[in-house]
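These are my notebook entries from a reading of the structure shown below. I set down what I looked up and what I found.

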Amino acid sequence: MRKYTIYLLVINILILVLLTWMGNQRYRDFKAYHISIAQESTASSAQAISSFIAEKKRLVALFVNEHKDQISQYMQDPEDDALYERLYSAIANYFPHFFTFTVADAAGIPVREDFEGYVGDLCKVDLKKFAEHDKQLPRIHPNNAVYHFDILAPLPAELQSGTLFISFHADILGRVLHNAQALGHQLLLIEPTANLIEVTVDGARIKWERDDYRLSTDEKNRILYVSKVDNTAWDAVDLYLPGLLADFRNTLVLYSSLIFMLFLLASFIFYMIVRREERLRIAAERNKDEFLAVVSHDLRTPITAIRGSVELINSGCLGETNEQMNECLTIASNNCQRISLLINDLLDLQKIEAGKMTFNIERQNLHSLVSQCIENNKAYAEEHKASFALQNPKDDIAVNVDASRFEQALSNLLSNAVKYGAKQDKVLISIEHSGGYACVKITDHGPGIPLSDQPRVFSRFAQLDSVSNTKLKGTGLGLSIVQTLIEKQGGRVGFVSIEGQGSTFYIELPIA
Ligand code: ADP
C-alpha cells in the first residue's frame, strides 16, 4: 500500500511539474507571438508616419513653388490683412489638415506678429534652427487649443530666402496609429529623450486624460517593441494592455489546476480501489493462513497416529499379516508419509510468505553439516536401495548459515536425488570452492530433467511429467522452499541436468 501511495505521489508531482513547465512554455510562446505583432505594428505605423511626413514636406515645397508670387507679395507687406487672408485661404485649400501658418525671414523670424499666439515659442525655436541649418525633425508642439506639428519649407533666393511654416493638427497621426494597433495592445508615438507620449490612437496628447504624459515605470515594463520613425524625433512604441498577459496566465493557471485536480481525483479513486483490493487480499490471505494452520495442525497429529499404527501392523508385531494386507498397508503408509510431507511443506511456505521464518545464522563447518545431513538421510536412501557417497570429506570450509534450515534444504535435495535417481543409485556429494563461494553438489544418475521442463523446476507445485512415474510422489513445493531458504541465507541454488544421464543440483554459499 505504501508503495502505491509513493507511486501516486511521485506521478502527481511529475504531472504538476509537467503542467507547470507546459504552462510556462505556452506563456512564453504567447508573449513571443505578441512581441511579433508589436514588431509588425510599430514597424508599419513608423513607416506610414515617416512617409506621411515626407509627403507633407514635398507638398509644402510644391506649394511654395506654385505660390511664389503670392508669398512674395505677402512678405513685402505682411501687415496687409487682405494679403494674409488670401495666402491663408490658398494654404487651407491646399492642405486639408492645416491649422495655421507663418512666413519667416532669412533669420528665421516671423514676418508678421501672430496675435493669437498659435505660433508658440517652440515653433520659433524650430524656425531659427531651420534658418541656420536647413534641417527639421517634426515634433508635436503643445498649444492650449490645438496640438500640432509643423512642416517647414525654404523659400527660394528670389524671395530673399526665408521659410514657409505650416502647422497641421496632430490628431491625424493618431488615425495612422489607430489603423495599426492590435487588440490587447496600445500604440504610442513618443518623444524618446523625455519619454513623452506625443500621440495615441485617441489623438494628440490633450485628447487623453492623464496627469503626466511621460511613460510611467509600469508602462515602460509593458513595452513589447519600439521602432524608430525615420526623419522625425519620434519612436513608435507598442505596449500590451495590463489584462492581456495576466488574463492569459490566469486562464493557463485555471486549466492547469483543473487538469491537475482531475489527476488528483483519478489518483484518489485509484488509491481507494487499490486500498479496497488490498484489504480484501489481506483478509483472504488471513483466511487462507488460518485455514492452512487449522488444517495442518489438525491433520498432522491424526496422520502421524495413523501412520504409526499402520507401520506397527505392517511390522508384524501385532500378529501375522498376509501379503495382500502388507501391500495395502504399505500403500497406506506411503500416502500418510506424503500427506505429512505436504503438511510440513505448506506450513513452511506459509511461514516464508508471512515473513515469520527466522534464521539463526552462525558460523558452521560445511563438511560437518553435510556429513551430518547425509547421515540423517541414510536410512531413507537405504529404504529405496540407494546410497550416498561424500567425495572429498577432508576440506575445511566455514559458512554462515542457520544449521537446521541448511539441513532442511540439503535433505530435500538428497531425497530428490534418491527419489528421481536411478535404481540403486549411488548419489555423489561433493564440496568445492571458488571465488569466495563454497558449492555443495548432489549428483544422481536418474533420467534427468528434459530441457523443456527445466525452467519450471523451481516453481511451486511443479511436478514434471517426465519423472512422474517415480516410486514416491512429492508435493512439488520442495525445491521452491529450498530456493527460498538458501537465498534468505545469502546463497544460490541451481542445477545441471542431461536427459538420460542424471542431474546435479547444487547449493552455493559465501565462504565465511
Ligand atoms: P517434489 O515434492 O515433487 O519432489 P520438488 O519441488 O522437490 O517437488 O521437485 C519438483 C520437481 O522437479 C519434481 O516433481 C521432479 O519432477 C523434478 N526433480 C526434482 N529433483 C530432481 C532430480 N534430482 N532429478 C530429476 N527430476 C527432479
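How many bridges join E1 to E4? I found six, and the two strands run antiparallel. The model I am reading is predicted, so I note that local features need pLDDT of at least 70, side-chain atom pairs count only at pLDDT 80 or more, and totals for chains, interfaces and linings use all residues. Residues are numbered from 1 along each chain as its sequence is written, and side-chain values use heavy atoms, with hydrogens and water left out.

**Entry 1**

Helices (H or I, at least four residues) and strands (E, at least two) are DSSP runs, numbered from the N terminus. Two strands pair if DSSP finds at least two bridges between them.

I looked up the strand order and found an open sheet of four strands, E1-E4-E3-E2, with antiparallel pairing. Strand E1 (98–104) and E2 stand at the edges with a single partner strand each, so one side of each has no neighbour in the sheet.

I then went through the pairs. The hairpin that joins E2 to E3 passes through six residues.

Is strand E3 mostly covered or mostly open? Six of the seven residues of E3 (residues 148–154) are buried, where buried means under 20% relative accessible area, exposed means over 50%, and partly exposed lies in between (1.4 Å probe, protein chains only).

I also looked for a helix over this sheet. Helix H3 (residues 81–94) lies across E1 and E4 and runs at about 130° to E1. Such axes are lines fitted to C-alpha atoms, for helices over the stretch in contact (heavy atoms within 4.5 Å), and angles run from 0 to 180 degrees between N-to-C directions.

**Entry 2: the five-stranded sheet**

A further open sheet has five strands in the order E7-E6-E5-E9-E8, with antiparallel pairing. Strand E7 (203–204) and strand E8 (223–228) stand at its edges, each with a single partner strand, so one side of each is left without a neighbour in the sheet.

Strand E6 (residues 196–200) and E7 run antiparallel and are joined by two bridges; Thr200 has Gly203 of E7 as its bridge partner. E5 and E9 run antiparallel with six bridges, and Gln186 has Leu239 of E9 as its partner. E8 and E9 pair over five bridges in the antiparallel sense, with Ser227 opposite Ala236 in E9. In the hairpin of E8 and E9, six residues lie between the strands, and Asn231 takes a positive phi near 60°.

Why is E9 described as largely enclosed by the rest of the structure? I found that six of its six residues are buried, so E9 is largely enclosed. Asp235, Val237 and Leu239 point one way from E9, whereas Ala236, Asp238 and Tyr240 point the other way.

**Entry 3: helix H1**

Helix H1 (residues 2–66) lies across strand E5 (185–191), E8 and strand E9 (235–240), at about 25° to E8. I picked out Leu16, which is in helix H1. Leu16 counts as partly exposed because its relative accessibility is 41%. I also checked its separation from His169: Leu16 and His169 are 153 residues apart in sequence and 56 Å apart in space, C-alpha to C-alpha.

**Entry 4: helix H11**

Which residues of H11 are buried? In helix H11 (residues 478–488), I recorded Gly478, Leu479, Ser480, Ile481, Val482, Leu485 and Ile486 as buried. Their cover includes helix H8 (323–353), helix H10 (403–420), strand E15 (492–498) and strand E16 (502–510). After H11 comes Gly490, whose phi is positive, near 85°.
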